[in-house]
Structure formats: C-alpha cells, structure tokens
Amino acid sequence: MEFGLALALLGAALATFLPGMGSAKGVGLVGKAASGVIAEDPSKFGQTLLLQALPATQGIYGLLIAFLVLLKVGMVGGDGAVEVSLLTGVYILLACLPIAVVGYFSAFHQGSVAAAGVGVVAKRPEEVSKAMIYAAMVETYAVLALLVSFLMLNGVSL
Amino acid sequence: MAIVRMKRLRLFAMAEDRERLLDRLAHLGVVEISEAESAGEAAETAASEKLGETLSQIVSAQSSARKHSKLKKGLFSPRPEMTEQELLSSELLSEAEEITAAINEREAALSRLYAERSRIATLRKTYAPWEKLDVPLDTGSGRFYETTLMTVPSVIKPEDIAAAVAEGSEYAEPFVVSSDRELHYLFLISHSGDAERVREKLKQLGAAVVKFSGTEVTAREKIKALDAELLAVENEIKEAEENIAVTVEQYDKLLAAQDAVESRIAVADAAEKGITTARAFYLEGWCPAREEKMLSEVFEESGYAYEFSDPAEGEEPPTLTYNSKLISPFNMITNMYSPPAYTGIDPNPTMAPFFALFFGIMLSDAGYGLLLMFAGIFALWKLKPRGGFRSFMQLAVICGASTVVWGLLFGGFFGDAIPSAYLLFTGKTFPYDLALWFNPTNDPMTMLIFSLVLGGVQIVAGMAVKGYMMIRDGLWLDALFDIGFWWVVFGGAITCIFNAQLGLYVLAAGALGLILTQGRAKKNIIMKFFSGLLSLYDITGYFSDILSYSRLLALSLATAVVGNVINTMGVITGPVCFFLVFIIGHLFNIAINLVGSFVHSARLQYVEYFGKFYESGGRLFAPLTIKSKNTDIIKEEN
C-alpha cells in the first residue's frame, strides 16, 4: 500500500521538476538574450518580457498535474492521505510522464525559439507577435501532453 | 465588410500649385501617393533632410525636458487639442524651435558643468592618498636634506622598504603615508648626498617618484579647496538642471511641433515621389473608389487635370479593409499575420467571432473576464488611445465579454473562489454547482468533444469561404470537387456515429468523388487516378487540424486548475493570508493565461483557419495625412 503512494508521489515530483527545469532553462535563455536588447533600448522591456513568459507555461502545466495528483491521493485538501494500491500508484506515475518529459523538452526548445525572437524585437519590434506565434507553435506539444496527462489521471479511480 | 475597391489616380497640376495640392491631399487623407516612374530632383531631398534634422532636435529636446522637468503629465493627461491650421502654422514651429534652441543651449552648458565636475573629482583622487601628510606636498630640499614623494607597489612589504632605504644610506628615513590595494604612498627624507642612491635602491623595488611641483600647501588643504570647488559646481549643476525644466505648455508645444514636422516631412516625401518640371507637377496615387466623386470636385475646383482608372493588370493596389465597429479591432490580428492581398478576401468578419469565442473558452473565468473588460473600458475612456493600442483595448473589451460568458457557463470565477471562500468561512462544502452548463474540470471528456466540434465547425467555415471565393471567380465546378466532395466525406463520417452502414456509403461516395476529380490537372489517365487516390491522404491534415483544437480544453483547464490551486493554498494559509495569496496568485494566473489565450487563439486562426483559404501578402493602404500622434485635431468646416 505504502509503495503505491510513493509511486504516485514520484509521478507528482517528476511532473513538477522536469518541466520546471525545462522552463527555468527556457526562461533563462530568453532572459539572457533580452538583457542584451535592454542594454541598448530599455523601452523594449515589455515586449521581451512577453517572450520570456512563453516558455514559463510548461512549468505551470507540470505543477497543475502534480497538484491534481496530490489532490487525488489526499495530500492536499480533503481528509488526509487515502490508500493507494500498488497498481494505482503505477497508473498515476504513468499519467504524469507525458507532461514530465514533453514539458521538459518543449520548454527548452520554446526557450530557444523565443530567444531568437528577441532578435526580432531588437530589429523590428512591430513584428513581435510573429515571434510569439513561432514560440507558441512549440508549445502545442506541451499542451497536448498536458491534455493526455490530465485525461489519464482523470481516468484513474482510487 | 470587405476589401475596399481602389482607383488609380493620375493628376497634373501647375508646378507652383504643388505645395497647395499636397497640403490639401494631406488634409483630406484619402490618397496614397506612389512613386511616379521618374525620380524627383535632388533639391527636394535637401528640404526633407533639413526637416528631418529639425525633427530629431525636437525629439531630443523633448527627452531632455522629460528628464529634468517634473512635468505633472501622467499616462492619463489628455493630448493637446488644436485645429489643423494651428498645428501647421509657422508660429507653432518657430515657437518650438525657440524652446528647442533654449533647451539645447542649456543642455550644452550642463554638459560643460558635468565635465568640470568629473575633472575636479579626478584631481581630488590624486591628492587623496597624501591627505595624512602634514608637510606641504612640494617641501623640496634644504642645505643638508632632501625630501621625495614616491609610490611603491603594494606587494612590497614595509620592512623591505625600510631595508632598502637603510641599504642606500643610514641618513634616510621613509614614512608610509597611506596604502591602498595597488600602492604604498611614501614620504622619504634623506641626507642631500645620499638621496639619489636611496631613490635608486627603491626604484629597484619598482618605486616611482611623484612630483607636485609648486604645491606649497598640504594635501589636506588642497583637498579642502577642491571640495569647495566641487560643491560650487554641484550647485551650478542643480541650478542648470532646474533651468532646463519646461512648463507643461512648452512641452505640449514640443509634442505638437513633432506632429507638425512629421506632417511636413510626409508632404515633402510625397512631392519627391511625383515629377516636377519647370512648369508642371505630375502625381500618381491610389484612393478608395468611394472617394472618387469628392476628389473630382476638389480637383475640378482647382483646375487640375486628373484621371481615375481601375487597377490595370499587374498593378498592385494597396489593401484597405472596411468593417463594422465590432469587427474592425480584429483587423489588427489579421494584419499581424499579413494584410490580405487586394484580390483576396477580407477574413476579418468570419475570423472575429471565432477568435473571441476561442479566447473566451481558453480563459474561461468570469472574474478574469470582468477585469479584462474593465481594464479595456477604462483605458478607452481615460486614455482615448488611437491606432494599434486602441484596437487592442477594444479587443480586450470584446474578448473580456466572451470570457465572462464562458466563465459563467463553465462556473469559473477567480477559479473556484466562491466555494473556497465558503469552505474557509463556514467550514462546510459549497452546496451548489456554479456552472450554468458544465464544469470542464469535472467533465473533461464533454469538454474535449465540444472543443473538437468547434474545431470542425471552423474548418468547415474556412472551406466554405474558399468555396465562396472559387464560385465568385466562376470556378463552381472546382468548388464542388475540392470542397463539396470533402464535405460529403465529413458528412459520411458524422453519419457513421448514428448509422454506421449509411455513413459508410456516404463516406465512400465522397471518397469516390475525390478519387475521380482530384487528379484532373494531370494529363495521363493513370496519373489522374493515382493523384486522386493520393488526395485521400489529405484526411490526415483535416484530422490533425481538428485535433489541434483540443488546446481549447487544455488551456481552459490550465486557467481553472491553477486558479483552484491558488484558492486551495489560500484556504490552507487561513483567513488572513487568504486575501494576499488570492490577489498575488490570481494576478499571476491572469498574466500567464492572458498571453497563452491570445497567442493560441491567434494560432488557431493563422494555421488552422487561414490555411484553408486566406490569400495574404497585401500592402496596407497608407494615405498621405496630417500626422497627429501627440495631438487631437479639432475638426473644423473648410
């Protein structure tokens, strides 16, 4: 019984830290590129901040799934921990994997695209929305992974 | 509700009428001047270069005025109001030039003072290490003694200095006045005869002689004098900075003058685009067809020779879209992608409802929607914005309203704030379901199906627009083959859900139609068949397009669940912290999801919807107008 809970928590941990790491990396990449632009023209702060926020969402998607897991196993809210069978634990762990893995990689790549978009802000600030759309194309897969994780988790009954 | 029809304008006027004509056109603001076949003369360029110089002076004067004045001019103060005549009057320009000249003069004085300040500060640094020396800096030598100021690298230990001095002479004494990270500052007194030898010994350690020739006061006195000087300069700087400060009226003049100069530059550029000969001026341009009558009257009155004609083959007229007030803010979203080609179709009327709908579903929180709406209304009311920002705020109001509707349908109000607050303050679970329709967090499958159905609707709508374009161009058979047969396939697939057998027959009929017609461009009968067969593979394209709309579910979940997480954290921290967690948390959630909802709604339009029919690559209509970025022009009868 205890082991099932441990697996569920492992799932929550993975869903938090992998996309979180990816987002941190992505946001960091954009931040570095943006600082160079700001040194030249501080008025572009708002636009670059928008680009920097884009790869931040994967971390939030991961947190969202992790939180749903914690809610499910009764670690947050409710009336304390519920019993999680070994098999249920495995299910929950598997449900966390899509967002954990895709979240990590898509955040990193979205960060690279958004960082390149900072160059667009430097040269043609009026075209920032196009750079944002490019970055959003990468996010599509994180959105799909979030969806699958959510549906899987929703399907697991305790 | 469409792309405005354009007319080509060709016009001859007398050369001396050129300025009057162009000023008039700028006033009317409905004609885009295009480059006439042969270029203008060089003399014109000089005129617009001079205007450009004036403009940059005015702009830099504005920025130094902003830097030094405490202008009580916030975000919310209104723009200066004036009539067009006032804006373009020479008085305004000369006044602005006076202000600019005064500011530039004071700015120059100020930069001289800044230079003086840094000179004194640097000088002070050279005296600072000797501050503790009680004798004048240039003590020099007497009959039996000689004094020297030296610096020794700080890596040398004081005892090594003493040893080196002792080695040079027994009648010598070094005093270390001060030390910093790089150097020891040394005062050396020695017998006249041995002085040179001692210095040599020290130089072997890397020492250097320092001279303050003629300074017969101590370093401390010198520093005191410099400090006094510095204080005086500082005061002067403060005074000069205050001097640069301008009144709000003067600043407004500068803003208006910027508009005036930019308008003049536009006119000068237009003059260059036309052709001026000794007697005549020739101009080409575009204007909306609906302005033809009004322009004819104006030209007739002034006796110009003119001609309006329809765009010829190969000419590329600029694009101007004309839409109702509710739709036109969405033009901005299309223009971000690329303005429609003149020969294409205006996508805005059909795109706008989808954009607002999808945005609302993705954000789906009545609380957030209300905030967005109020922010938009407030900005429109207080800032009276124009151009892109105005469209943006109008979008905020429209999309905010859509968000409120979907928030109510899905039961989102700052996440689950009402049930959470109820739980926090009564300790009981909230007994009602707030969702007017259903709650996607509890029933994600319904939401997924709903999302995909909406996707299907938009895809079909996109194909319908394409079909309309084909029929408009007389290609009704192609419309039947390329769109109609696919619809039969779709219809069959949907029918399968209710009646598998019938559905399959319909689907097969559609597929057969596609196989028979999609290879029609090929010559060879076998190639026709294979092209037709291969076209069925496009079904994967439609399939992935529709699946892409699952993001409606994912993003609405993201808003709702993160909102719920914030509320749960608030409940855990207790009543006092609840509000703090609530405010910070929801602000964060709004910011992240606002960006996400906007970008992803735009993506669905650009990739999935526009991909079906949109002809992009137009050039926006940019008529010659009076520029009024900083001013509100008061309309007057002319």
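Good morning. In chain B, among contacts between residues at least 6 apart in sequence, 79% join residues at least 24 apart; two residues are in contact if their C-beta atoms, placed from the backbone, lie within 7 Å. For chain A the corresponding share is 85%.

Two remarks on sources are needed here. This is a predicted model, in which local features need pLDDT of at least 70 and side-chain atom pairs count only at pLDDT 80 or more, while totals for chains, interfaces and linings use all residues. Residues are numbered from 1 along each chain as its sequence is written, and chains are lettered from A and ligands numbered from 1 in the order in which they are written.

Let me begin with chain A. Its secondary structure comes to five helices and zero strands, where helices (H or I, at least four residues) and strands (E, at least two) are DSSP runs, numbered from the N terminus. The C-alpha atoms of chain A fill a box of roughly 60 × 25 × 20 Å along the principal axes. Of the 158 residues in chain A, 53% are buried. A residue is called buried if 20 or more other C-beta atoms lie within 10 Å of its own, exposed if 12 or fewer, and partly exposed in between, with C-beta atoms placed from the backbone.

Now to chain B. This chain has 21 helices and 13 strands, and buried residues make up 35% of its 638 residues. Its C-alpha trace spans about 125 × 85 × 60 Å along the principal axes. The radius of gyration of chain B is 39 Å, whereas a compact globule of 638 residues would have one near 26 Å; the radius is taken over C-alpha atoms, and the globule rule is 2.2 Å times the number of residues to the power 0.38.

The domain assignment of chain B gives domain 1 (1-40 + 274-317 + 619-638), domain 2 (42-116 + 228-272), domain 3 (139-211) and domain 4 (345-429 + 557-586). Such bounds come from an automatic or database domain assignment. The centres of domain 2 of chain B and domain 4 of chain B, taken over C-alpha atoms, are separated by 43 Å.

Where do the chains meet? In the model, 21 residues of chain B are in contact with 25 residues of chain A. On the chain B side, the elements that give two or more residues are α20 (551-573) and α21 (575-613). The largest share, 10 residues, comes from α20(B). By type, this side of chain B divides into 15 nonpolar, four polar and two charged residues. Here Ala, Val, Leu, Ile, Met, Phe, Trp, Tyr, Cys and Pro count as nonpolar, Asp, Glu, Lys and Arg as charged, and the others, Gly among them, as polar.

Next, some helices of chain B. Helix α4 (residues 90-127) has 38 residues and reaches 56 Å from its first C-alpha to its last, close to the 56 Å expected at 1.5 Å a residue; the expected span is 1.5 Å times one less than the number of residues. Among the buried residues of α4(B) are A96(B), I99(B), T100(B) and I103(B). An α-helix has 3.6 residues a turn, so residues three or four places apart point the same way.

G467(B) lies in helix α15 (residues 444-472). This glycine counts as buried because it has 22 C-beta neighbours inside 10 Å. G467(B) and A479(B) are 12 residues apart in sequence, yet 5.0 Å apart in space, C-alpha to C-alpha.

Turning to strands, β6 (residues 172-179) and β7 (residues 183-191) of chain B pair in the antiparallel sense over seven bridges; strands pair if DSSP finds at least two bridges between them. A hairpin joins β6(B) to β7(B) through three residues, and A172(B) stands opposite S190(B). Five bridges join β2 (residues 6-14) of chain B to β11(B), also antiparallel, with R10(B) and E307(B) as bridge partners. Strand β11 (residues 305-309) lies largely in the open, because the number buried among its five residues is zero.

Finally, the backbone angles. Most residues other than glycine have a negative phi. What is the phi of S364(B)? Its value is near 35 degrees, which is positive. S364(B) is found in the loop between α11 (348-363) and α12 (366-382) of chain B, and counts as buried because it has 32 C-beta neighbours inside 10 Å. F414(B) has a positive phi near 50 degrees and is found in the loop between α13 and α14 (417-426) of chain B. Thank you.
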